[in-house]
Amino acid sequence: MKTNLLKPFETNSGVIITCFYENEKELSDVQKALDEKFSGVIKNNIVKNFEGKFNETLTFPLENGVKIIAAGLGKKEELTLNKLREALSKTISAAKKYMKDNILSVEFIKKEGFCLKGTAYTTVIAAGIANYKFDKYKTKKDEKIETLEILSLDFDEKIVEGIKKADILNDSMNFTKDLVFESAEIMTPDKVAQIAKNLADEYKIEAKIYDKNQLKEMNFNAFLAVGQGSIQEPKFIHLTYKSENPKKKIILIGKGITFDSGGLDIKPPSSMLTMKTDMTGCATVLGVMKAICEIKPDIELHVMSALCENMPSGSSYKVGDVITSKSGKTIEVDNTDAEGRLTLADVLTYADEFAPNEVIDIATLTGAVVVALGNNITGIMGNNQDMIDKFKNVADILGEPVWQLPIYDDMMEGLKSDIADMKNTGPRGAGSSVAGRFLQNYTKSKNWLHIDIAGTAYIDKPYKELQKGATGVMVRTLTDYIMK
Ligand code: BES
Ligand code: MN
Ligand code: ZN
């Protein structure tokens with residue numbers, strides 16, 4: 001999808017979306033211009049039949065086949081950019097079927113308090129979300145928007161900036177979603193590593209890919225234990241973007257379990273159903289890297305992921321095994337299904353070697369976070385309250401809700417082992433926090449943030465602008481966060 005900024009009367013599009021506030025009958029400048037082109041249809045017909053309630057829509061066909069679609073934004077004083085994204089995305093989804101030549105046009109909304117860049121960004125992101133469909137395996141494909149037209153009378157550089165940024169983030173989110181939707185049969189550790197390498201080559205950044213033998217030498221023992229039951233070879237990827245004068249060094253770590261069967265502690269069928277998505281953390285940090293390589297901010301960004309499958313077999317790691325992690329700390333395996341924290345532990349230790357200013361890991365880590373926060377709020381925790389607050393602030397602005405879960409030192413009590421330094425699981429309660437507390441042992445960073453997207457990475461029913469399936473959650477928030 002490419003985005004063009006143009007004046008209302010310049011459009012030849014077959015679908016034009018125009019917006020209304022609840023019970024406000026006065027036309028915007030863009031609507032007045034459209035009315036000149038289409039003989040007053042908005043003023044004479046649409047306004048009279050449309051209340052403008054939030055998420056209300058009305059399709060008005062013109063004689064020449066063009067459809068004017070009214071989108072309700074609700075009460076003017078209650079409209080936020082997050083609500084605008086939702087209303088536009090839903091309307092665009094429904095309007096796609098009317099396109100001619102795969103062109104769709106949307107009125108640019110001007111509202112007091114909305115900056116031009118943010119409004120343009122939100123509008124184009126709304127369209128990008130509406131336009132995504134993983135239809136690789138469908139013999140019949142959906143119609144896709146190829147050209148999105150933003151209709152505006154102003155041609156401010158800020159609008160162009162917002163469009164450009166949104167085009168970049170849409171591409172990154174789509175890249176992430178494609179990886180998540182793909183079957184585990186295809187999206188193996190080796191395949192993800194190749195994709196990471198291609199990304200690095202495309203943007204001429206550094207990529208290090210380590211195989212099993214190298215990982216043995218590097219003492220990634222907890223990671224290797226998780227992967228040892230699978231015929232797929234584990235891979236560790238480390239990509240580095242570095243501007244000329246980086247202001248800070250950030251490490252992003254994504255959980256990269258390409259399939260989580262649970263291992264010998266095998267999952268029941270219903271829990272295994274979506275476990276091809278257990279590499280969403282990895283797909284997310286690669287998506288962020290792609291965006292950063294396009295935007296080119298003054299930072300140094302490292303993206304890391306330990307990729308493997310968690311499978312039951314004769315060579316699987318077993319409960320009761322004691323693993324010496326890369327850090328030297330020993331771990332008694334209490335449950336082979338708590339594999340993510342084992343792989344992440346070694347990567348957190350590896351990350352310490354680079355003396356980063358901040359370390360952030362993102363993982364589909366615990367079913368407990370779904371119990372605590374559901375499928376639309378992401379769990380965050382860490383050891384630095386300023387970082388957590390700053391992250392939440394960015395996430396709220398972008399409409400990706402997050403909520404902090406507590407980490408207490410005495411949670412280590414539950415992880416006590418009789419024969420090793422700790423176990424990988426503890427008692428049932430506060431599972432997400434305990435997993436977070438486990439991870440905290442493996443980083444020396446005082447600026448560490450842990451993001452648990454087990455509930456939000458992949459959803460089984462649509463929510464606001466989000467469609468079913470892979471959501472691309474946190475690609476936008478992480479990108480903005482690390483540039484701030
Ligand atoms: N990958 C799962 C967590 C998960 C659950 C992701 C639901 C997405 C949706 C993780 O590896 C896991 O199995 N966690 C266990 C930990 C338990 C054994 C302590 C869980 O949450 O049940
Ligand atoms: Mn698991
Ligand atoms: Zn897992």
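Along the chain, the donors of the manganese ion (ligand 2) follow the spacing D-x76-D-x1-E. Donors here are N, O and S atoms within 2.8 Å of the metal (3.2 Å for Na, K and Ca), and water is not among the atoms, so sites may look incomplete. Asp260 lies in strand β10 (residues 256-260) and Glu339 in the loop between β13 (330-332) and α11 (340-352), so the pair ties together parts that are 79 residues apart in sequence. Helices (H or I, at least four residues) and strands (E, at least two) are DSSP runs, numbered from the N terminus.

A word on the basis: this is a predicted model, where local features need pLDDT of at least 70, side-chain atom pairs count only at pLDDT 80 or more, and totals for chains, interfaces and linings use all residues. Residues are numbered from 1 along each chain as its sequence is written, chains are lettered from A and ligands numbered from 1 in the order in which they are written, and side-chain values use heavy atoms, with hydrogens and water left out.

| Metal | Protein donors | Distances |
|---|---|---|
| manganese ion (ligand 2) | Asp260 (OD), Asp337 (O), Asp337 (OD), Glu339 (OE) | 2.1 to 2.2 Å |
| zinc ion (ligand 3) | Lys255 (NZ), Asp260 (OD), Asp278 (OD), Glu339 (OE) | 2.0 to 2.4 Å |

Around the manganese ion (ligand 2), the 6 donor atoms subtend angles of 71 to 168°, which makes the arrangement irregular. The site of the zinc ion (ligand 3), with angles of 78 to 173° among its 6 donor atoms, is octahedral. Six donors count as octahedral if opposite donors are over 155 degrees apart and all others between 65 and 115. The zinc donors are spaced K-x4-D-x17-D-x60-E in sequence. Asp260 bridges the two ions, which lie 3.2 Å apart. Asp260 is buried at 3% relative accessible area, and Glu339 is buried at 0%; buried means under 20% (1.4 Å probe, protein chains only).

What about the packing? The largest nonpolar core has 92 residues, and Leu104, Leu286, Leu301 and Ile451 have the most contacts inside it. Such a core is a set of buried Ala, Val, Leu, Ile, Met, Phe, Trp, Tyr and Cys residues joined through side-chain atoms within 4.5 Å. Helix α5 (residues 157-181) gives the largest share of this core, 10 residues. Domain 1 (2-154) and domain 2 (174-483) both contribute residues, so the core lies between them; the bounds come from an automatic or database domain assignment. Apart from this core lies another, of 45 residues, among them Phe223, Leu342, Ala345 and Met381.

Note on methods: Four donors count as tetrahedral if all angles lie between 85 and 135 degrees; four count as square planar and six as octahedral if opposite donors are over 155 degrees apart and all others between 65 and 115; anything else is irregular. Buried means under 20% relative accessible area, exposed over 50%, partly exposed in between (1.4 Å probe, protein chains only).
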